Amino acid sequence: LAQYGSRGGSYLFKPTGPRPSAIDMHENSVASYSGTLCSGVFSASKSLEKISLHSRVLHTSDQPFIEVTADVALQAKLRNVEVVAMLSTDLDSNSTFYSDTNGIGMAARVYDAEKAVAGNFYPMTESAALVEEVMQLTVLASHSMGVGSTADGELQLMLDRKLSQDDGRGMGESLMDNEHIETKFMLVVEERPLHSKRRPDPWHVMSPEAHALSEGLQHPIAMFVAAGGGGGGGGGGGGGG
């Protein structure tokens, strides 16, 4: 996890530096567990950022993936920060990543060194990916957010923002709410299809396995609990004949 200093507002992303600074996680409370169904690690910060991370691997899934839940509650004392989750890999992504704008396919986003940091951030509706010739990492998210990359093999996912000034774009107020934000991710590492070898491709499509995981993340099963009843269920017409 890392954070940008920022002079932006509700609409403008204006970081004060080219790279985010790492959030100090040395005083975190950390717990781990391992079982037949899943294994995971839970970490909660004691700093002003009030961030908790829960990562787990399900041993029962046919498609290996890591599920990450990030809970961020930026405290009132913080001003002008933008918190991102950074994924750093050794994938040779050729200064390119992919993100979707419509939940269907992902367009290539090529890093442009002549642009500011904000010029290399793009919308992500539900998925982003780092792709090389052999392997690919797909990131699935529970809701839309900004995503960017300023280094090869890296993704930065925007988690939360707290900004004390208006950016003059019509909102007329700062961005200082104290609500906590919960974001769920799935990280899916797969081999690339043999027929897809061009680099960089102008377009990228999720594998069927990743698409199925995304559907479960976007439309989770709703669980209802009903109190046990003693009688038979007769509904409106009741009696027998």
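Q: Which residue in β7 is the bridge partner of Gln-3?
A: This is a predicted model in which residues are numbered from 1 along each chain as its sequence is written, local features need pLDDT of at least 70, side-chain atom pairs count only at pLDDT 80 or more, and totals for chains, interfaces and linings use all residues. Side-chain values use heavy atoms, with hydrogens and water left out. Strand β1 (residues 2-5) runs antiparallel to strand β7 (residues 81-88), and four bridges connect them; strands are said to pair if DSSP finds at least two bridges between them. Within this pairing, the β7 partner of Gln-3 is Val-83.

Q: And in β2, which residue is the bridge partner of Gln-3?
A: Strand β1 also pairs with strand β2 (residues 21-22), in the antiparallel sense and over two bridges. The β2 residue bridged to Gln-3 is Ser-21.

Q: How many strands are there in the protein chain?
A: Helices (H or I, at least four residues) and strands (E, at least two) are DSSP runs, numbered from the N terminus. By that count, the chain has one helix, and its number of strands is 16.

Q: What share of the 241 residues in the protein chain is buried?
A: Burial is judged by relative accessible area: buried is under 20%, exposed is over 50%, and partly exposed lies in between (1.4 Å probe, protein chains only). Among the 241 residues of the chain, the buried share is 42%.

Q: What share of the contacts with a separation of 6 or more comes from residues 24 or more positions apart?
A: A contact here means heavy atoms within 4.5 Å. For contacts in the protein chain with a separation of 6 or more, residues 24 or more positions apart contribute 61%.

Q: How many salt bridges does a search of the whole structure find?
A: Side chains of opposite charge can pair when their charged atoms come close. The criterion used is a side-chain nitrogen of Lys or Arg within 4 Å of a carboxyl oxygen of Asp or Glu. Applied to the whole structure, that search gives a count of three.

Q: How many residues apart in sequence are the parts that Arg-19 and Glu-154 tie together?
A: Arg-19 is partly exposed at 41% relative accessibility, whereas Glu-154 is buried at 3%. The two form a salt bridge with their closest N and O atoms 2.9 Å apart. Because Arg-19 sits in the loop between β1 and β2 and Glu-154 in strand β14 (residues 154-162), the sequence separation of the tied parts is 135 residues.

Q: Which strand holds Arg-56, the partner of Glu-67?
A: Glu-67 is buried at 16% relative accessibility, and Arg-56 is partly exposed at 26%. Their salt bridge has its closest N and O atoms 2.6 Å apart. The pair ties together parts 11 residues apart in sequence, because Glu-67 lies in strand β6 (residues 66-72) and Arg-56 in strand β5.

Q: What relative accessible area does Glu-82 have?
A: Glu-82 meets Arg-161 in a salt bridge (2.6 Å, N to O). This pair links distant parts of the chain, with Arg-161 in β14 and Glu-82 in β7, 79 residues apart. Arg-161 is buried, at 17%, and Glu-82 is buried too, with a relative accessible area of 0%.

Q: Which strand supplies the largest share of the lining of the largest pocket?
A: A pocket is an open set of points on a 1 Å grid over the protein atoms alone, where a 1.4 Å probe fits, with protein on both sides within 12 Å along at least five of seven lines, and its lining residues have an atom within 4 Å of a point. Here 16 residues line the largest pocket, with Glu-82 and Arg-161 among those nearest its centre. β10 (121-124), β13 (145-148) and β14 each give at least two lining residues. The largest share, four residues, comes from β14.

Q: Which are the edge strands of the open sheet of 10 strands?
A: The sheet has antiparallel pairing and the order β3-β4-β5-β6-β15-β12-β11-β8-β9-β16. Each edge strand pairs on one side only, and these are β3 (29-34) and β16 (203-204).

Q: Which residue takes a positive phi in the hairpin of β8 and β9?
A: β8 (residues 96-100) and β9 (residues 106-110) run antiparallel and are joined by five bridges, with Phe-97 opposite Arg-109. Five residues lie between the strands of this hairpin, and the one with a positive phi near 75° is Gly-103.
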